[in-house]
Amino acid sequence: MTISPSIDPSLVTGAWREGDPVGRRHFIDIGDLRLDSGRTIPDVRLAYETWGEFDGSNAVLILHALTGDSHVCGPTQPGHPTVGWWDALVGPGRAVDTDHQYVVAANILGGCQGSTGPSSKDADGLRWGGSFPALTVRDQVRAEVALADALGIDTWHAVMGGSAGGMRALEWAVEHPDRVERLFLLATSAYASADQIALSTTQIDAIRADTAYFDGDYYDGPHGPLHGLDLARRIAHISYRSETELSRRFGRDVQDDGRFAVESYLQHHGAKLVSRFDANSYVVLSAAMNSHDVGRGRGGTASALQRVTARTVVAGIDSDRLYPLYQQQELADGIPGATPLAVVRSDFGHDGFLVESDQVSRLARDLLA
């Protein structure tokens, strides 16, 4: 394995590209990675960021959700066009205090912000495109384990994540209980439900139905499936927010251009994602989330959760219609070291784990104390 500051030149429009400023990103080569499918991805690279100083026992792993990346905290800067996605939670003097904790965040395997994914080059020097292997959550954690090994981190003081990040955090604690001391699971589940798979596969189909998709091999064309990705994001964003919030904010208001205000809002979020994300990564990562099932091959969900030894906080959002509270209740009831389920009160639905920073910060402080 090698750690290198060099830039992977393979990423394309909708993702980070050769010559783009890299901000605080670092890059690590973890070698070949064998997948659950039996296939192997050669020469895997992960992009990651760190904050604080490692003292041997203070490392905290933070895992991002579907379209997030390694920029957990910090200001807008070259290479990072937005403030860190959990900036209110992580930083000096904050709940995850980087004056005392060594925080590590990696871009997910299959992503498009510096880690190996469909827009990276394969062994023949060609972009993977539609031939990129299918991934599972366990594959993604296997890559993160290799990252931890390369950084010399034997045990995490805490592993934290919400939504898809919570899936990986849980998988860490189930598969490697001796390496996770504390566990923070937000708005996530022990397995992908039929409802979640239905929403996810519909988004995948929206991308694949775009005439510019070309079975994922669109990198040499003028553009990729921008319309399909835009539509997929709009579908997703409806599930990320609550009916209460949408009704209160938009109601049946119509703008001067004749569009419903809520229509314009969703189009705005679709366009934002198209400008920074790769459609193939969206497909690969969504399918990986559909694979999530901690009970697979472990005697079922209850048996798998019993393997967790970490001190655990599980939190759900009371208005979350994508990951409803019963899913977090199952985790809190099934994990031996979990405190009673914490309920975050919010009108923002699933996105409450990102928006309700005061409530989430209190839970994180209690866990890390």
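Author: A definition to start: helices are DSSP runs of H or I, at least four residues, numbered from the N terminus. Keep in mind that this is a predicted model.

Reader: OK. Where is Gln140 placed?
Author: Gln140 sits in helix 1, residues 137-151.

Reader: Is Gln140 buried or exposed?
Author: Gln140 is buried, because its relative accessibility is 3% and the cut-off for buried is under 20%.

Reader: What is Gln140 in contact with, leaving aside neighbours within four places in sequence?
Author: Ile108, Leu109, Leu135, Arg168, Leu285 and Ala288.

Reader: Switching topic. At what angle do helix 3 and helix 7 cross?
Author: Roughly 160°, with the axes of helix 3 (residues 194-208) and helix 7 (residues 279-290) coming within 10 Å. Helix 3 is therefore roughly antiparallel to helix 7.

Reader: Left-handed or right-handed crossing?
Author: The crossing of helix 3 and helix 7 is left-handed. Residues making the contact include Ile197, Ile204 and Ile207 of helix 3, and Tyr282 and Val283 of helix 7.

Reader: How do the residues of that contact divide?
Author: Seven are nonpolar, six polar and one charged.

Reader: What does Leu170 touch, not counting residues up to four places away in sequence?
Author: Among them are Leu183, Leu185, His292, Val294 and Ile335.

Notes:
Residues numbered from 1 in each chain as written. Predicted model: local features only at pLDDT ≥ 70, side-chain atom pairs only at ≥ 80, totals over all residues. Heavy atoms only, no water. Helix = DSSP H or I, 4+ residues; strand = E, 2+ residues; numbered from the N terminus. Buried < 20%, exposed > 50% of the residue type's maximum accessible area, 1.4 Å probe, protein only. Contact = heavy atoms within 4.5 Å. Axes fitted to C-alpha atoms, helices over the stretch in contact; angles between N-to-C directions. Parallel < 35°, antiparallel > 145°, perpendicular 65-115°, else oblique. Left-handed = near helix turned anticlockwise from the far one by under 90°. Nonpolar A, V, L, I, M, F, W, Y, C, P; charged D, E, K, R; others polar.
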